[in-house]
Amino acid sequence: MDTTKTPAPNAAEADTTPVALEKTETTQPAEAPADSAVTDEVTDADLDDEALAEDEAEDREPSHVGSAAFAIVAAGLGVVALSGSWVAGIVSERASIAARLELTQAADANAQIAAQFVDPWHTTAMVNGIFSALALIVATFVLALPAFSSPERTLPTWVRSVSWAGIGLGALGILLFVLMYFDLLLAIPKAAGAGA
């Protein structure tokens, strides 16, 4: 007796290959090394981005905030030296009072003029000369600063302009100091008929 079944004539051909019932093992790649490789790539990319950002920060032009501030201070000192300051006023009044206290009742007119006019005049000239010298020093420092740093570093145009203005005002203030202190600008008034 034949126990094999024959397929029906209209049925699709059946697969007659024997199937092995043994369990086949498929090898799958370990996920941990793949994840670590991706993590390593991301880390390297992040490090490259950070290095690029640092390079861009180094290549970026500095802000020059300090140089700009010092340039403005220099110009301000030059203006104060030419226009006068409350410091010069206070020191001048003090010199005037000190000179008057040294006068005697028998002092002649020229000694009184010197006490009330010449000493305060010279003291004001001295204070304004100090402000002028400070303006000149600070402005020169601002202009010379790039020479002591990297050679390609240059100051913005407006900072250089303000620094040159500070140098001009400081030089003019020093010139006026010399003219005032040595009585070259205005002659000392003399009392007529007073003894020398």
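Student: What should I know about the model before we start?

Tutor: This is a predicted model, in which local features need pLDDT of at least 70 and side-chain atom pairs count only at pLDDT 80 or more, while totals for chains, interfaces and linings use all residues. Residues are numbered from 1 along each chain as its sequence is written, and side-chain values use heavy atoms, with hydrogens and water left out.

Student: What makes Phe70 and Phe141 an aromatic pair, and why is the pair called edge-to-face?

Tutor: Rings of Phe, Tyr and Trp (its six-membered ring) pair if their centres lie within 6.5 Å, with planes under 30 degrees apart counted as stacked, over 60 as edge-to-face and the rest as tilted. For Phe70 and Phe141 the centres are 6.2 Å apart and the planes 80 degrees apart, and the pair is edge-to-face. The pair links distant parts of the chain, with Phe70 in helix H2 (residues 65-83) and Phe141 in helix H4 (residues 109-148), 71 residues apart; helices here are DSSP runs (H or I, at least four residues), numbered from the N terminus.

Student: Why does Phe70 count as partly exposed?

Tutor: Buried means under 20% relative accessible area, exposed over 50%, and partly exposed in between (1.4 Å probe, protein chains only). Phe70 has 42% relative accessibility, and therefore counts as partly exposed, as does Phe141 at 44%.

Student: Why are Phe117 and Trp121 called stacked?

Tutor: Their ring centres are 5.7 Å apart and their planes stand at 25 degrees, so the pair is stacked. Phe117 and Trp121 are four residues apart in helix H4, which means that about one helical turn separates them.

Student: How do you know that H2 and H4 are roughly antiparallel?

Tutor: Axes are lines fitted to C-alpha atoms, for helices over the stretch in contact, and angles run from 0 to 180 degrees between N-to-C directions. Angles under 35 degrees count as roughly parallel, over 145 as roughly antiparallel, 65 to 115 as roughly perpendicular and the rest as oblique. H2 and H4 pack at about 155 degrees, with their axes 8 Å apart, and are therefore roughly antiparallel.

Student: Why is Asn128 called buried, and which residues does Asn128 touch?

Tutor: Asn128, in helix H4, has a relative accessible area of 10%, and is therefore buried. Leaving aside residues up to four places away in sequence, Asn128 touches Val80, Ala81, Gly84 and Ala88, where contact means heavy atoms within 4.5 Å.

How values were computed:
Helices (H or I, at least four residues) and strands (E, at least two) are DSSP runs, numbered from the N terminus.
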